[in-house]
Amino acid sequence: MKITQLAAIACFALLTPLTGSARENDDIQWDKYSLIVNGKRVCPVMGEIHYSRIPADEWRNEIRKMKEGGVTLIANYVFWNHTEEQEGIFDWSGQRDLRRFLNICKEEQMPVVLRIGPFCHGEVRCGGIPDWVFAKGCKTRDTNETFMGYADALYRQIYSQVIGLQWKDGGPVIALQFDNEQRNGDYLMALKKLALSIGFDLPFYTRTGWPELTRPVPFGEMIPLYGDYADGFWDRSTEETAGNYYKAFNFKSFRSSTAIATEQLGEQKETTDKANQEYPYFTCELGGGMMTSYHRRIYTYPEDAYALAIVKLGSGSNLLGYYMYHGGTNPDGKLTYLNENQRTPGTNYNDLPVKTYDFQAPLGEFGQKNPHYYSLRKLHLFMHDYAEVLAPMEASFPCPQDIRKGDDSHLRWAYRSNGQSGFVFVNNYERLQDLSDKKGIQFDVCDTQFPRKPMTIPAGTSCIFPVNIDGIAYATAQIIAKRNGKIYMEQIKGIPTEIRVDGKTLRNVKPQGTERPVYRNIYLLDSESAEKLFLTDAAEESPAVNVGFSKVKEAGPDRNITIGVQRVAEAPTDADFEDAAVYTIDLSGLSRENRLLQINYRGDVARLYADGKLIADNFYNGRPFLYGLWRLPADCNRLELRILPLQENMPVYFPREANTDKPGEEVTHLSIIPL
């Protein structure tokens, strides 16, 4: 999709007042509700993208896609071992060039929150701490002199990339996060003190709001940011819907999650730090998707991410931060692969793919726009246009906050209001649970009962209804945006639209699109039109092209699937692929620009090679294996695909979409599809 003039204008509108021509004068403050920019409340949308996992010549286009999706802040890990894999040798070149990335963000008017470690995790080898640090014998993530000396050198290097690009200088860097998922507040404060002494000077600083701190951070030093996921690859179980991720689909006042990083942090309890309630409710890791680990092959759905976002907004969040919003590909290491795995000196909890970090995110590994890119965009438009109204509204929870998995006994809903007006948030969806239609539903909020007659909320519905907003007493439709005096609303599938306005009740209102109002300045859209509001698709889609392939070698004996040090199955090694089935793929004469190779197959693990070099891999979970063909060398016309077969009784969780009825492997279809 090319950004037309109309789309570019819409993107700019999404960003203000966080960016603009007078950026160097922007005053950033915060209170218990929200960020405040130049005296106006804002509800930003933060999307995680890792510059070092994307080729540098793709950065600008991908940032523009994020802007089109309604993202107004970028979050980015700076992985230590991506830059200093070898001691004393810092590499800021190519796709590791942080300064170039930040300059592009500045040019594209996209603020950045840098998560600078030293420990990041991010499913990187040793959580981002270089192997050589472990060889020093010092305790990592600690205030001891040796480790803090290495942290000092790292932070100084990062500062060399950031100097002149901080917010006060008119640059994009608006905040820092120190370390990640850290309990020790003394250590976090030592890192902040170090950063400030070097020259970092930013509007605010952050930390993850989990786990609960054993040593506190003084109030106001770091805003805690929270998260939730629909499922987790890190769970030790190989059963469907293991863990307590189901709690993420219920509105609740408890901000944190007890499901994140359970393999590292162990069991976590729902305890609320009262001091944290005085911070604004922000997230940094709302699951935009999920990775597949070798032992747990999560398959996520667009509804997972959308329902999570609705629940977080309804529970009081005023910054939605997605992890990940854009997938990526691990860069080549100089000494080792850079993926997390169980055979490393640190953060060895899971075996992740060597190359792919797609995360099933709204924007995939190669920038492909997945369905939830569009559905989430509706919420992002709303958050921007109604920020000043929404941000100070308190959340109320009329239904139970502590529910069982799959509980279908009531409609899950909450509302936010200032006493006179508000928004009703509804979620009748829970991942992999068959919730039923909820009949006889009426809401009573802000002295307003609606609709006129009880309605039915269909199974799977997640939506927002306005109450006393912009002259609308109530509507059983969702407000999407307000531009130039026009109010755009979405008809929720399966729910007749009823609008009470100017003392009139409009019933069974039908969508008329963006050209014709249904009443005065109110426009009603169907869901597809709402998802692409203000976007103009100027690109013509070309049809898929079949690709020829040949099987040149049958798979050898099954490998012995071992259980690793963290008591879960280990992924295959390079040597194991000597016994893989081998296919050759002929790309001669086929267009590659903005084209994806789509491999439909079944098997355990697949790897793709170009001229003998590993370029992509995939843990089978029922979805196709994709590769962006424009990344190939121009003279490469032949690829090799290696697939290890499925085995009987594998100690692996496969989702219901995967075809594991019988052992073996096969390629069912290869094609080239447009990006």
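Which residues are buried in H9? In this predicted model, the residues of H9 that are buried are Asp304, Ala305, Tyr306, Ala307, Leu308, Ala309, Ile310, Val311, Lys312, Leu313 and Gly314.

**Close-up 1. Helix H9, spanning residues 302-314, is mostly covered.** Helix H9 has 13 residues and reaches 19 Å from its first C-alpha to its last, a span close to the 18 Å expected at 1.5 Å a residue. Of these 13 residues, 11 are buried, and the buried set includes the charged-side-chain residues Asp304 and Lys312 as well as Tyr306 and Gly314. H9 is followed by Gly316, whose phi is positive, near 115 degrees.

**Close-up 2. Helices H2 and H4 pack against each other at an angle of about 45 degrees.** The axes of H2, formed by residues 59-68, and H4, formed by residues 98-107, lie 10 Å apart. On the H2 side the contact is made by Trp59, Arg60 and Ile63, which meet Arg100, Phe101, Ile104, Cys105 and Glu107 on the H4 side. The residues of this contact divide into 5 nonpolar and 3 charged, with no polar residue among them.

**Close-up 3. Ile522 is a buried residue in strand S25.** Strand S25 comprises residues 522-525, and Ile522 lies within it. Ile522 has a relative accessible area of 2%, and therefore counts as buried, the cut-off being under 20%. When residues up to four places away in sequence are not counted, Ile522 touches Ile472, Ile487, Met489, Ile499, Val501 and Pro517. Lys486 is 36 residues away from Ile522 along the chain, and the C-alpha atoms of these two residues are separated by 6.2 Å.

**Close-up 4. Gly564 is a buried residue in the loop between strands S27 and S28.** The loop that holds Gly564 runs between strand S27, residues 549-553, and strand S28, residues 581-586. Gly564 has a relative accessible area of 12%, and is therefore buried by the cut-off of under 20%. Leaving aside its neighbours within four places in sequence, Gly564 is in contact with Gln342 and Glu570. Gly564 and Ile158 are 406 residues apart in sequence, and their C-alpha atoms are 35 Å apart in space.

Conventions. Residues are numbered from 1 along each chain as its sequence is written. This is a predicted model: local features need pLDDT of at least 70, side-chain atom pairs count only at pLDDT 80 or more; totals for chains, interfaces and linings use all residues. Side-chain values use heavy atoms; hydrogens and water are left out. Axes are lines fitted to C-alpha atoms, for helices over the stretch in contact, and angles run from 0 to 180 degrees between N-to-C directions. Helices (H or I, at least four residues) and strands (E, at least two) are DSSP runs, numbered from the N terminus. Contact means heavy atoms within 4.5 Å. The expected span of a helix is 1.5 Å times one less than its number of residues. Buried means under 20% relative accessible area, exposed over 50%, partly exposed in between (1.4 Å probe, protein chains only).
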